Amino acid sequence: MRIVIVGGVAGGMSAAARARRLSEDAEIVVLERGEHPSFANCGLPYYVGGEIADRDDLLVQTPESLHAALNLDVRVRHEVIGLDPASQTVRVRTDHGELTLGYDALVLAPGAAAVRPPLPGLDSPRVRTLRTVGDAVALRESVENGAARAVVLGAGFIGLEAAEGLRRQGLAVDVVELAPHVLPPLEPEIAGPVRAELERLGIVVHDGIAATAIEPGPGADTVLLADGTALPADLIVLSVGVRPDTAVFAAAGVATERGAIVVDEHGRTGVPRVWAVGDATVATDPVTGLRRPVALAGPANRAGRLVADDILAPGSARPIPPPLGTAIVRVGGLTAALTGAGRPALTAAGIDFHTVHLHPGSHAGYFPGAEPIHLLIHFRAGDGLLLGAQAVGADGVDKRIDVLSTALAARMTAPELIDLDLAYAPPYGSAKDPVNLAGMIAENVLGGELRLWYAGDDPDPDALLLDVRTPDEVAGDRLPGALTVPHTRIRERLAEIVEVADGRPVRVYCASGMRSYLACRILTAAGLDAASLSGGLLTYRALHPA
């Protein structure tokens, strides 16, 4: 059997390696149009920033090492430019001309290409993408050759990693993002601290605004923004998104949706003997049912393995699980991460849901070094099914999101998080872990013990705002018009609160949501319509800076 794999890196090379482990007799040919069949694409921004010093550290495997270890026929600078399903052949462009190669099984792993918007001046030689080792080397050479000013177009994960790397190298960096906030997949209240951290690093953020043109110049280019701002740039990083690189295969009859290859649960396309994996495929969101490509290394690697199973051991091959889209990024001293669905996707899918915010410590507060984790979870109204989670903080974000991703995969309800038996010692966590606490708050919401109001909602103009923090806290920051009563004095001043409310709803807030919850229990028992600000003033100020 000849298995031909189009594209290396994550999905393609995983399929090739697994296929060899399953069959010593198969002929396995990998066609990679670039120079490197297996490289650390997620490490590219860190090479640009100098944290990874040697470019060779980015090369996971070479054609020679793959042949020696796995007897794979890996051919670089081989670009597939045609597919004929009837004859089971692909047409390949090489440095020495074109050739036709037959297959018994074909795996398409072409990946994604950088989106290039119709922006005047985008063809300037100072504009770079960051998708390959060559891209990273070119960017670092620009830095080493004296570039002093950089503009990054796009504030997604790769864009911010590139921006931080360039800033680490001493460049003045501006980031331009068309969406209302940086890291658009995050909820705005989670993205808020990331923006503040970028500013702390000295990176200038232009969010909610479009770049309109790039004006090339003899010494530097100028990036023009819709508000009239002109940003001088010695180099420009284009990172506004990716699109599935599938035109060749779509032209041959492989079905696509919005450019992404349609596959079944085993990675099979609608064309016999043709499979597809990775960034170029469409996946069904397991939470919302919406269909979209997921351009992440982890799902691509795992899918490649399972496609090889289906080719060589179809009777026992497990289906490819739909990816949740779990992702993480470091920005300065912060980590931001998410898993599952966010508000826009849940709303688009018509799912009725609740959200809770909390700000627990990364470990026991009495042990030195605890840092707040700003965490939110979404869960379905009614049965409490966990739908998504996001967090940002200086420590402990990664393991909480990984736990919540596992809970999502297991289709746990939010209240079931309460009973997770998670590792605890003071340097690592608390007896009530942030994940447990999120479940407790969710249970209170589902049971009607806690009603919430949200920083993102328009405030009720008829409601009484009640601030239950201490006088010292109130002196530092307060919401206009709020009555201030510390939560420890709610009972003794209850008659006053009832009189001031005069039948109006009471909207209570504190710093993080705990004291306002306690106050709401007292007010509710007294017959008042009371609700607590989810996440407190910490969440409110992430959305509405003072």
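Is Leu 183 buried or exposed? With a relative accessibility of 0%, Leu 183 counts as buried, where buried stands for under 20% relative accessible area, exposed for over 50%, and partly exposed for what lies in between (1.4 Å probe, protein chains only). This is a predicted model, in which local features need pLDDT of at least 70 and side-chain atom pairs count only at pLDDT 80 or more, while totals for chains, interfaces and linings use all residues. Residues are numbered from 1 along each chain as its sequence is written, and side-chain values use heavy atoms, with hydrogens and water left out.

Leu 183 is found in the loop between strand S13 (172–177) and helix H6; helices (H or I, at least four residues) and strands (E, at least two) are DSSP runs, numbered from the N terminus. The phi of Leu 183 is near 50 degrees, a positive value in a residue other than glycine. Another residue with a positive phi that is not a glycine is Arg 411, at about 55 degrees, and Arg 411 is found in the loop between helix H10 (397–409) and helix H11 (434–446). Arg 411 is exposed, with a relative accessible area of 53%.

Helix H6 itself (residues 188–200) has 13 residues, which at 1.5 Å a residue should span 18 Å, and its end C-alpha atoms are 18 Å apart, in agreement with that value; the expected span is 1.5 Å times one less than the number of residues. The buried residues of H6 are Glu 189, Ile 190, Ala 191, Val 194, Glu 197 and Leu 198. After H6 comes Gly 202, with a positive phi near 95 degrees.

Turning to the strands, S29 (residues 386–393) is mostly covered, as eight of its eight residues are buried. Strand S29 pairs with strand S26 (residues 334–340) in the antiparallel sense over six bridges, where two strands count as paired if DSSP finds at least two bridges between them. In this pairing Thr 339 has Ala 389 in S29 as its bridge partner. Strand S28 (residues 373–380) also pairs with S29 in the antiparallel sense, over seven bridges, and here Leu 376 stands opposite Gln 390 in S29. S28 and S29 form a hairpin with five residues between them, and Gly 382 in the turn has a positive phi of about 100 degrees. In a regular strand the side chains alternate between the two faces of the sheet.

Elsewhere, three strands form an open sheet in the order S15-S16-S17, with antiparallel pairing. Strand S15 (211–215) and strand S17 (230–233) stand at the edges, each with a single partner strand, so one side of each is left without a neighbour in the sheet. Neighbouring strands of this sheet are turned by 20 degrees against each other on average, direction ignored; the axes are lines fitted to C-alpha atoms, for helices over the stretch in contact, and angles run from 0 to 180 degrees between N-to-C directions. Strand S16 (residues 221–225) and S17 pair over four bridges, and Leu 224 has Ala 230 in S17 as its bridge partner.

Which contacts form between charged side chains? Side chains of opposite charge can pair when their charged atoms come close. The structure holds 33 salt bridges, a salt bridge being a side-chain nitrogen of Lys or Arg within 4 Å of a carboxyl oxygen of Asp or Glu. One of them joins the side chains of Arg 18 and Asp 309 (2.7 Å, N to O). Arg 18 lies in helix H1 (residues 9–22) and Asp 309 in helix H8 (residues 297–312), so this pair ties together parts that are 291 residues apart in sequence. Both Arg 18 and Asp 309 are buried.

Arg 268 forms a salt bridge with Asp 264, the closest N and O atoms being 3.3 Å apart, and its side chain also meets that of Asp 310 in a salt bridge (3.0 Å, N to O). Arg 268 lies in the loop between strand S21 (260–261) and strand S22 (274–276) and Asp 310 in helix H8, so the pair ties together parts that are 42 residues apart in sequence. Arg 268 is partly exposed at 32% relative accessible area, and Asp 264 is partly exposed at 28%, whereas Asp 310 is buried at 3%.
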